[in-house]
Amino acid sequence: MRPPGPRGLPILGSLLDIRRDPAGVFLRAALKYGDVAYFKVGPRQGYLITNPSDVRHVLQDNARNYQKSPLYQKLRMHLGNGLLTSEGEFWLRQRRIAQPAFHRQHVAGLAHVMAIAARESAAEWQALAEHGRAVDVDEEMMRLTRTVVVRALLGSDLGPYTERIDAAWTTINEYIGENFWSIGLTAWLPSARRRRFEAARQLLREAVDYVIRERRRNPGDTPDLLSMLLAARDDDTGEGMTDEQLRVEVTTFLLAGQETTSLALTWTWYLLSQHPQARQRLEDELDNVLGGRPPEYADLASLPYTRMVVDEAMRLYPPAWGFSRQALGDDQLSGYHLPRGWMAFVVPYVLHRLPSLWEDPETFDPDRFSPARSADRSKFAYVPFGAGPRQCIGNQFALIEAQLIVATLAQRFRPRLVPGHRVEAWPLITLRPRFGMPMFIEPRLA
Ligand code: HEM
């Protein structure tokens, strides 16, 4: 027996609806059909799963029975076979090489780089505040998190490419995101969009080659990710990574590390601007703990509300809003048979908004992440970083970075949404604000 689900069209199933509004289609299906909903998406079939125990089963307990879904092939095609998109032995080897660079202790050592970058932004915001001009906080956060990931992981900057890289990323993300749910019939036809995409991809390639070339020229002794990737040797053959493989991994870290964290921050600023009480509590915490000095890594444990604000922003607007797996063998989900080759859709955007899992799910309430109120919640009801062996390798990195940036900037400024601006979540690969996030940077009256 198949679980219930939207009827969709013959042949195409729910493809057109999903292309139009993927997050909304999945959310409505979960509310209507419960734990498991059947979907046909073009040639593929699968289940949307929203019971935390099924999520745990697919991502963790029975992870060996699943691979990343064919949708990832599009990412692989455009970005190469790297840590995010590869499978099996090859993935495990790459993950082992990269893992030490992401241990909490190592990341703590990089926190100063994050704190400095946040202070540089604070200095720029000071100037903006004095001029009373609006700025797109989405772009601001992209620039800031790009600076952090490049400095912390690659120990350098993008040299002559610095200014152009963000626009290139936006082009790449939009192109892949908009084509993500298509069946690919027209993807290879020449078009202006495709040309722009190819140009952006070429720019990114050149930028990454530049970083690798510079490091080979000046190896230094920074124990960052790039040096680990450069030093990695295959246990059997003793060979290092090829230039192409290096390029793929560096590109993966730039993509996975910049944009997601940036979006978590952009949505945080938006939510704070809409919820003065939460903002006040945040400011009180910052004033009490920091007394006006800028935050450092050692302060983070004393700033629990700051962390809860970030957690809550990622609940409502999970930057990686949805992902999927393909079953390698038959399986059972909530009593339903999932045939081999079918998909399991895990959609944090939906899981995080279900009334069965969250009290007043649409309400911004950072306090719900307090230890007391989190105690009874399944870990698999909240998965902004995924779970199991393929869980985000950069989760500690991202959380430390986000907490430091929010603390540094909220301590001095109150970004205020430009009145009347329409804010709409746009689920591409990541969950972006469709019309940007223009805000006035107002100084706090200390
Ligand atoms: C708020 C920020 C972030 C969010 C929400 C996020 C989310 C995720 C999610 C959901 C996955 C798993 C996808 C799946 O299972 O299909 C993932 C994987 C990954 N993330 Fe993140 N991420 C963030 C920040 C970062 C950072 C800072 C880095 C690196 C600097 C990073 C690097 C990666 C990599 C390499 C993978 C693939 C891991 C593997 O398959 O072994 N991410 N991320």
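# Chatting through the model

Me: Which side chain meets Arg 444 in a salt bridge, and what is the N to O distance?
Reply: Arg 444 pairs with Glu 283, at 3.4 Å from N to O. The two link distant parts of the chain, 161 residues apart: Arg 444 lies in the segment after β12 (438-443), Glu 283 in helix α12 (residues 276-290). A salt bridge here means a side-chain nitrogen of Lys or Arg within 4 Å of a carboxyl oxygen of Asp or Glu. Helices (H or I, at least four residues) and strands (E, at least two) are DSSP runs, numbered from the N terminus.

Me: What should I know about the model itself before going on?
Reply: This is a predicted model, in which local features need pLDDT of at least 70 and side-chain atom pairs count only at pLDDT 80 or more, while totals for chains, interfaces and linings use all residues. Residues are numbered from 1 along each chain as its sequence is written, and side-chain values use heavy atoms, with hydrogens and water left out.

Me: Thanks! Back to that pair: is Glu 283 buried or exposed? And Arg 444, buried or exposed?
Reply: Glu 283 is buried, at 1% relative accessible area, and Arg 444 is buried too, at 16%. Buried means under 20% relative accessible area, exposed over 50%, and partly exposed in between (1.4 Å probe, protein chains only).

Me: Which residues are in the salt bridge network with them?
Reply: Arg 279, Asp 287 and Arg 414 are linked with Glu 283 and Arg 444 in that network.

Me: How many salt bridges does the structure hold?
Reply: There are 31 of them. One joins Glu 120 and Arg 151, with the closest N and O atoms 3.1 Å apart. That pair links distant parts of the chain, with Glu 120 in helix α6 (residues 104-131) and Arg 151 in helix α7 (residues 137-154), 31 residues apart. Glu 120 counts as partly exposed at 35% relative accessibility, and Arg 151 counts as partly exposed at 33%.

Me: Which residue does Arg 143 meet in a salt bridge?
Reply: Glu 140, at 2.8 Å from N to O. They sit three residues apart in helix α7, so about one helical turn separates them. Arg 143 is partly exposed at 31% relative accessibility, whereas Glu 140 is buried at 9%.

Me: Where is Cys 392 found?
Reply: In the loop between α15 (371-374) and α16 (395-410).

Me: Now α5. Which of its residues are buried?
Reply: In helix α5 (residues 88-98), they are Trp 91, Gln 94, Arg 95, Ile 97 and Ala 98. These cover an arc of only 160 degrees around the axis, which puts them on the same side of α5. The arc is taken over the directions from the helix axis to the C-beta atoms.

Me: What do those buried residues of α5 pack against? And which exposed residues does the face turned away carry?
Reply: They pack against α10 (225-231) and α11 (243-274), contact meaning heavy atoms within 4.5 Å. The face turned away from the buried side of α5 carries the exposed Glu 89 and Arg 96.

Me: And at what angle do α11 and α13 pack?
Reply: α11 and helix α13 (residues 304-316) pack at about 100 degrees, with axes 9 Å apart. They are therefore roughly perpendicular to each other. From α11, Ala 264, Trp 267, Thr 268, Leu 271 and Leu 272 make the contact, meeting Val 309, Val 310, Ala 313, Met 314 and Leu 316 of α13. Axes are lines fitted to C-alpha atoms, for helices over the stretch in contact, and angles run from 0 to 180 degrees between N-to-C directions. Under 35 degrees counts as roughly parallel, over 145 as roughly antiparallel, 65 to 115 as roughly perpendicular and the rest as oblique.

Me: Last one: where is Gln 258?
Reply: Gln 258 is in helix α11, and it is buried at 2% relative accessible area. Leaving aside neighbours within four places in sequence, Gln 258 contacts residues including Met 142, Arg 146, Asp 166 and Trp 169.
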